[in-house]
Amino acid sequence: MSGGLPFGVTPRRVFAGMFLACAALIGFALYLQHAQALEPCPMCILQRYAFIGIGLVALVGALHGPAAAGTAVYSGLVAVLAVGGGAVAAWHAWLQRFPPKVSSCGADLWYLLDTFPLSRALPAIFQGAGECSEVQWRFLGLSIPEWALVWFALFAVLAVLVIVRFARGR
């Protein structure tokens, strides 16, 4: 057994675990939003979309239980979504650690996407509004985007391990 997942772990189980983790993360995000009144900023919403994307791909992978080529496709999609979500989370965490000197709440995500073409909306989202630089919640010293980054990194590593262990064959 070369470099990979131990203890009889199958791609199906890894995908199922990813799906459950994403469902739990989205559930916790909704709890923070609705029970704790922490409204998500545009970057938080983009990170949610990445988690939802990972969860959906993982769910399909778990239900499908594909052969090596399908496993590589599902794992590759998870890795791409995890890297994209991780990039947003890293930038968001950077903005929280080093907030911009001029802080304004700006427009929300839906207004930006409805009003402007995507080529103008995305730069506005990634500039980070004042609300994106506020740290409203911490657990074990990490903020929400820092925890999101940890999870995205974990999903990316797992996806690569699945490719190395199962998609390339034994």
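**Close-ups of a predicted model**

**View 1. Helix H1 (residues 11-34) packs against helix H2 (residues 42-64) at about 150 degrees, with the axes 7 Å apart.** H1 and H2 are therefore roughly antiparallel (an angle over 145 degrees). Among the residues making the contact (heavy atoms within 4.5 Å) are Phe15, Phe19 and Leu25 of H1, plus Phe51, Ala58 and His64 of H2. Sorted by class, the contact of H1 with H2 has 16 nonpolar, 4 polar and 2 charged residues. Here Gly counts as polar, Ala and Phe as nonpolar, and Arg as charged. A heads-up: this is a predicted model, where local features need pLDDT of at least 70 and side-chain atom pairs count only at pLDDT 80 or more, while totals for chains, interfaces and linings use all residues. Residues are numbered from 1 along each chain, and side-chain values use heavy atoms, leaving out hydrogens and water.

**View 2. Phe28 and Tyr31 form a stacked aromatic pair.** Their ring centres sit 5.9 Å apart with 25 degrees between the planes (rings pair if their centres lie within 6.5 Å; planes under 30 degrees apart count as stacked, over 60 as edge-to-face and the rest as tilted). Both lie in helix H1, 3 residues apart, about one turn of the helix. Phe28 is partly exposed at 37% relative accessible area, and so is Tyr31 at 41% (buried is under 20%, exposed over 50%, partly exposed in between, with a 1.4 Å probe and protein chains only).

**View 3. Trp151 and Phe155 make a tilted pair.** The ring centres are 5.8 Å apart and the planes meet at 40 degrees. Trp151 and Phe155 both belong to helix H7 (residues 144-167), 4 residues apart. Trp151 is partly exposed at 29%, whereas Phe155 is buried at 1%. Ring pairs also link Phe51, Trp151, Phe152 and Phe155 into a cluster.

Notes: Axes fitted to C-alpha atoms, helices over the stretch in contact; angles between N-to-C directions. Helix = DSSP H or I, 4+ residues; strand = E, 2+ residues; numbered from the N terminus. Parallel < 35°, antiparallel > 145°, perpendicular 65-115°, else oblique. Phe/Tyr/Trp six-rings, centres within 6.5 Å; stacked < 30°, edge-to-face > 60°.
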